[in-house]
Amino acid sequence: MYAYFIDDWVYSKQQRKLDHLDLLLTQAGISGRKIRLARLHDLGASIRDCIASGIKSLIAVGDDTTASRVLNQALLQQKEEGFSFSFGIVPMRDTSIIGLLLGISSFKKAADALSANQSKPVDLGLLNKRHYFATAAVFPKKCALGFRSYTVSSMYNDHHISVCNSDIYNQDLNESAKKFNPHDQVLEAVIAHRPNISFFDRLRGRGSNDQYIPESIFPVKKIIIKSKQKNLTVMADTEKQLSSPIEVEVVPNAVDMIFASKSVN
Amino acid sequence: MAVFNSKDKEENSGGFEMKEGEAETVIGASVKVEGDFSSEGDVLVQGIVSGSMKTKGNLRVDGGAKIKADIEAANASVRGEIEGNVSTKDNLELGNSAKITGDIVTKILSIEPGAVLNGHCSVSTEGVTGESEPADVQKPSKEE
């Protein structure tokens, strides 16, 4: 049985899509308990209630922020209470990186994936032993990567530092995609840079000036991100404010994720 | 010191070739690594490394890379600059733009024309211990 945690904005902005999703889930025979995530909603109590009533699949309906909120709460409770669950996402916006990781690009594909109910254990990243992320943690510029016995820093100002579980750079190269595997029990620390594009090339529309290309890749199980700033804004599925230094580690096979049949590498 | 074409060498001795996508660790051109770097897999260096460098896999140092470190690897292909001792278990290839200032210890060595090597070179088919220091020389006992 499924529990659907539906973000508040979906009711106000995506009502039609939500009705369509409801129809699809009913037709597939997988309509379950629906929980509206209002601003003051006690998510922990809802998850506890669902697990107590035998629900094993927790589905976040919304965007990556919704998924991150539900997943983090469920994992923190799982640590204390020791239950098992599988997790899924129904993306209600076009840009869901967690959805892409699972091969679910729309709510219709999500309905198909949920009815097929194929799940697979996926690694997660953990920030400062508290915040889980499924895709990547993106750090502000001027940070350095601190390994056990060496440090890595970029020589240029315009760079992009991330610790990835999946390919957030959307590289078409198969070789590159091989490096970002959410089942390999390691994360990839990446320093990406923006290639210099001349003014004339930009006028001709050759190359995008805002796309970062991964240049340096370090497979890691645990890493410390250092910065001169005390508080850092980290984008880890959703925006998080953390204090430096930030410890990032991999949690191997942390959660069973429901995925579309032609996905998850 | 033998100088021969690397292609011929690969055909003759089964030399290794590491493509860009195969490396597990990539140290890009805009990146500086400081400290004792160690890895289990293949490493590609295009940027700057200082300290020491050890890998159980293969190492490729591209042109433009600058390494100030002692290096240990299973196989290595060098086209950049290295200031330090290099020790490989099997193959060591020096490309035409390679510049090494330091001693090298390896089993199979190939050097392309144009490569620069300033230092001692030890090529032995016996197992490389990883230490690049020369063995102690016994002094002859003084005859009384």
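Chain B and chain A bury about 1500 Å² between them, where buried area is the accessible area (1.4 Å probe) that two parts lose on being put together, summed over both. Of that area, 53% lies on carbon and sulfur atoms. Val26(B), Ser30(B) and Val31(B) supply 34% of what chain B buries against chain A, more than any other three residues.

A word on the source. This is a predicted model: local features need pLDDT of at least 70, side-chain atom pairs count only at pLDDT 80 or more, and totals for chains, interfaces and linings use all residues. Residues are numbered from 1 along each chain as its sequence is written, chains are lettered from A in the order in which they are written, and side-chain values use heavy atoms, with hydrogens and water left out.

Now the contacts. 20 residues of chain B touch 16 residues of chain A (heavy atoms within 4.5 Å). How many salt bridges cross this interface? The rule finds zero, asking for a side-chain nitrogen of Lys or Arg within 4 Å of a carboxyl oxygen of Asp or Glu. Polar contacts are there: eight residue pairs, both at pLDDT 80 or more. That term means a pair of N or O atoms within 3.5 Å; within protein, one must be able to donate a hydrogen and the other to accept it, and residues adjacent in sequence count only if both atoms are side-chain atoms.

Which element of chain B gives the largest share of its side? E2(B), with eight residues. Strands here are DSSP runs of at least two residues, numbered from the N terminus. E2(B) pairs with strand E9 (residues 150-154) of chain A, antiparallel, over five bridges; pairing takes at least two. There, Ser154(A) stands opposite Val31(B).

Terms used
Helix = DSSP H or I, 4+ residues; strand = E, 2+ residues; numbered from the N terminus.
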